[in-house]
Amino acid sequence: MSSESGRKVVVTGATGNVGTSVVRLLAEDPEIGSVVGLARRTPEWAPPKTEWSAVDLASEQADLDGLFEGADAVVHLAWAFQPTHDPAVTWRTNVLGSMRVFEAVAAAEVPVLVHASSVGAYSPGPKDRPVDESWPTHGWPDAAYCREKAYLERALDTFERDRPGVRVVRMRPAFLFKRESASEQRRIFGGRFLPGQVVRPELLPFLPDIPGLRVQTLHTDDAAEAYRLAVRTDVRGAFNLAAEPPVDAELLGEMFDARPVRMPRTAARSAIAAAWNLRLLPASPHLFDAVLRLPLMDCTRARVELGWRPERTATEVLEEFLRGMRAGEGAPTEPMRGRKVG
């Protein structure tokens, strides 16, 4: 399908945290001739070689077949995190919307599908050693995010069986941050009115050390580079993406010059559940349960087969993100608008 002018790549969820980085890197790639960015609201942002189309994947009227026609690859990133109190709404966008994307890829005969899965798709696993891509992907069933990511893994199993001619790549990144995503992620997980300025060392004399709270992070731009490589490289299957070192209370204590204080899981969960039930906190206690059980990931396959390595350490990622939180950083798209509270 590639023409002399270069490959055409369609990106869903193109205006969010990951989408803005993926679109920018694809637009800078000389082998990519054009990028079509799909989002519910088209942005003012105008990167080179990029055109926009307003599409709501939750709508049955979305004409994805026409938008995918002639594409050399579809990078599917679109995802709704909220409302966490109404999982039927996120299911319509995330699962049913993704199924429409998969069906349209098949109908338009697009040869490559790169899908944004997640560490959240993994079943509970170890915190003392990393697991590779063969670890079961059944998620944590109580958390809508994990449940939906795991369901789509099964949907892609069927898709690959029925469409062996489509090269399917599943990206399973750790938690993704960048400076420009600070305001969006504060609103999604901490709430619209949480001041980013509270994330300062002098205001945090101690940090809760919760058993199991050991996770991995990655800079969004580093993840986007893996997506770009997946479009251009003849690979298929799943790829773990994460930076070192793992993030735990000890590392955060060093960053904030704060003393870790052991806190029981039940106490931390009760506080989160109370705030969530009062609608003071968007992040649900079910997602907290899942995070405590996520395995650490081995990224050897991405290094060997994609030639991918993150440029930033986990510590650098968090330091950049926290600076963005304090400054109310954002980007010129609707989901990424900057906002400083307090």
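Biologist: Which residues does Leu-306 touch, not counting residues up to four places away in sequence?

Modeller: This is a predicted model, in which local features need pLDDT of at least 70 and side-chain atom pairs count only at pLDDT 80 or more, whereas totals for chains, interfaces and linings use all residues. Residues are numbered from 1 along each chain as its sequence is written, and side-chain values use heavy atoms, with hydrogens and water left out. A contact requires heavy atoms within 4.5 Å. With residues up to four places away in sequence left aside, Leu-306 touches Met-171, Ala-226, Leu-229, Ala-230, Thr-233, Val-235, Phe-239 and Arg-301.

Biologist: Does Leu-306 count as buried or exposed?

Modeller: Leu-306 is found in helix α10 (residues 300–306); helices (H or I, at least four residues) and strands (E, at least two) are DSSP runs, numbered from the N terminus. Buried means under 20% relative accessible area, exposed over 50% and partly exposed in between, with a 1.4 Å probe and protein chains only. Because its relative accessibility is 6%, Leu-306 counts as buried.

Biologist: Which residues have the most contacts inside the largest nonpolar core?

Modeller: A nonpolar core is a set of buried Ala, Val, Leu, Ile, Met, Phe, Trp, Tyr and Cys residues joined through side-chain atoms within 4.5 Å. The largest such core has 42 residues, and those with the most contacts inside it are Val-11, Met-171 and Leu-306.

Biologist: Which helix gives the most to this core?

Modeller: The helix in question spans residues 220–232. With seven residues in the core, the greatest contributor is helix α6.

Biologist: With which residues is Val-11 in contact, leaving aside its neighbours within four places in sequence?

Modeller: Val-11 is one of the residues with the most contacts inside the largest core. Beyond four places in sequence, Val-11 is in contact with Val-22, Val-23, Leu-26, Val-35, Val-36, Gly-37, Leu-38, Val-75 and Leu-77.

Biologist: How many residues does the chain have that count as buried, as a percentage?

Modeller: The chain has 342 residues in total. Of these, the share that counts as buried is 52%.

Biologist: How many helices and strands are there in the chain?

Modeller: The chain exposes about 15,200 Å², of which carbon and sulfur atoms supply 52%; these areas come from the Shrake-Rupley method with a 1.4 Å probe, and for residues only the protein chains shown count as cover. As for secondary structure, the chain contains 11 helices and 13 strands.

Biologist: What is the radius of gyration of the chain?

Modeller: The radius is taken over C-alpha atoms, and the globule rule is 2.2 Å times the number of residues to the power 0.38. For 342 residues the rule gives 20 Å, and the chain is close to this, so it is as compact as a globular protein of that length. The radius of gyration is 19 Å.

Biologist: How far apart are the mean positions of the positive and negative charges of the chain?

Modeller: Lys and Arg count as positive and Asp and Glu as negative, while His and the chain ends are not counted. Each charge is placed at NZ of Lys, CZ of Arg, CG of Asp or CD of Glu. For the 43 positive and 46 negative charges, the mean positions are separated by 5 Å.

Biologist: What is omega for the cis peptide bond that joins Glu-244 and Pro-245?

Modeller: Most residues other than glycine have a negative phi, and most peptide bonds are trans. Pro-245 is placed in the loop between β11 (237–241) and α7 (249–256). For its cis bond to Glu-244, omega is about -5°.

Biologist: What is the positive phi of Asp-257?

Modeller: Asp-257 lies in the loop between α7 and β12 (259–262). Asp-257 is exposed, because its relative accessible area is 69%. Although Asp-257 is not a glycine, its phi is positive, at about 50°.

Biologist: What distance separates the C-alpha atoms of Gly-338 and Ala-182?

Modeller: Gly-338 lies in the segment after α11 (314–327) and is partly exposed, with a relative accessible area of 46%. Gly-338 and Ala-182 are 156 residues apart along the chain. The separation of their C-alpha atoms is 7.8 Å.
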